[in-house]
Amino acid sequence: MNKKVIWIVIYCAVLIWSVTSPKDMFTWWLEALPALLAIPILFFTRKRFPLTSLSYVLILVHCCVLLVGAKYTYAEVPLFDWIAEWMGSDRNNYDKIGHLAQGFIPAILAREVFLRNRVLQPGYWCQFLSVCFVLAFSAFYELIEWWVAVGTGENAEAFLGTQGYVWDTQSDMFMALLGGISALVLLTHWHNKQLASLFNK
């Protein structure tokens, strides 16, 4: 089966599962919106700026993470409730997985855009600025959460997912930082190979 078809089938299956009887539909839209926006962006850039297979896989993983959080809200993902109970904690930490992914995936995407548009050359500056992009993206997302909370005039606890943790915003950005660094350490060599094969087509 074609890789694109497999990607679409997995995405659609998770999307349908996620939107079926979510915990809260308003929160679902807020959490799922980035995953929904990914489809038209990828569709309209598929010919002009096709990504590496690695980037497409990472985007799919990130969409799945977002859609799981959208279905249950980040504070109530059942598996992580069980993990919290097993560890004797009151906090569901699925949101930290989400913010780790928020660093891990964009780091590779930023690196790909930088290198393919010849903004940067491979090396330390590319790695450093990819991490900087991740931190900027994470900080901007925290601002969006704040603006939504203020703008809706409702209790935005489900969307914010702070669960009473006073350092939630800072720890979210730290997890994104860890995700970005981890992606570059683990995937740079593989990413370079895929970029080389893309340029040679």
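This is a predicted model: local features need pLDDT of at least 70, side-chain atom pairs count only at pLDDT 80 or more; totals for chains, interfaces and linings use all residues.
- Side chains of opposite charge can pair when their charged atoms come close.
- Lys 23 and Glu 76 meet through their side chains in a salt bridge, at 3.2 Å from N to O; because Lys 23 lies in the loop between helix 1 and helix 2 and Glu 76 in the loop between helix 3 and helix 4 (78-86), the pair ties together parts that are 53 residues apart in sequence.
- Of these two partners, Lys 23 is exposed, with a relative accessible area of 52%, whereas Glu 76 counts as partly exposed at 37%.
- Asp 172 and Lys 96 form a salt bridge with an N to O distance of 2.5 Å, and since Asp 172 belongs to helix 8 and Lys 96 to helix 5, the pair ties together parts that are 76 residues apart in sequence.
- Salt bridges that share partners join Asp 95, Lys 96 and Asp 172 into one network, in which the closest N and O atoms of Asp 95 and Lys 96 are 3.6 Å apart.
- Asp 172 is buried, with a relative accessible area of 0%; Asp 95 is buried at 4%, and Lys 96 is buried at 11%.

**Largest pocket**

- The largest pocket is lined by 39 residues, and Pro 34, His 62, Pro 106, Leu 109 and Phe 137 lie nearest its centre.
- Two or more lining residues come from each of helix 2 (25-45), helix 3 (53-72), helix 5 (94-116), helix 6 (124-152) and helix 7 (157-160).
- By class, the lining of the largest pocket has 28 nonpolar, 7 polar and 4 charged residues.

**Second largest pocket**

- The second largest pocket is lined by 21 residues, of which Lys 3, Lys 4, Trp 7, Leu 51 and Tyr 56 lie nearest its centre.
- Helix 1 (3-19), helix 2, helix 3 and helix 8 (168-199) each give two or more residues to this lining, and helix 1 gives the most, with 6 residues.
- The lining of the second largest pocket has 13 nonpolar, 4 polar and 4 charged residues.

**Surface patch**

- Phe 140, Leu 143, Trp 146, Trp 147 and Val 150 form a nonpolar patch on the surface, with about 550 Å² of accessible area together.

Methods: Residues are numbered from 1 along each chain as its sequence is written. Side-chain values use heavy atoms; hydrogens and water are left out. On a 1 Å grid over the protein atoms alone, a cavity is a set of points where a 1.4 Å probe fits but cannot get out, and a pocket is an open set with protein on both sides within 12 Å along at least five of seven lines; lining residues have an atom within 4 Å of a point. Helices (H or I, at least four residues) and strands (E, at least two) are DSSP runs, numbered from the N terminus. Ala, Val, Leu, Ile, Met, Phe, Trp, Tyr, Cys and Pro count as nonpolar, Asp, Glu, Lys and Arg as charged, and the others, Gly among them, as polar. Patches are made of residues with over 30% relative accessible area and no salt bridge: like charges are joined within 9 Å, nonpolar side chains (Val, Leu, Ile, Met, Phe, Trp, Tyr) within 5 Å. Accessible areas come from the Shrake-Rupley method with a 1.4 Å probe; for residues, only the protein chains shown count as cover. A salt bridge is a side-chain nitrogen of Lys or Arg within 4 Å of a carboxyl oxygen of Asp or Glu. Buried means under 20% relative accessible area, exposed over 50%, partly exposed in between (1.4 Å probe, protein chains only).
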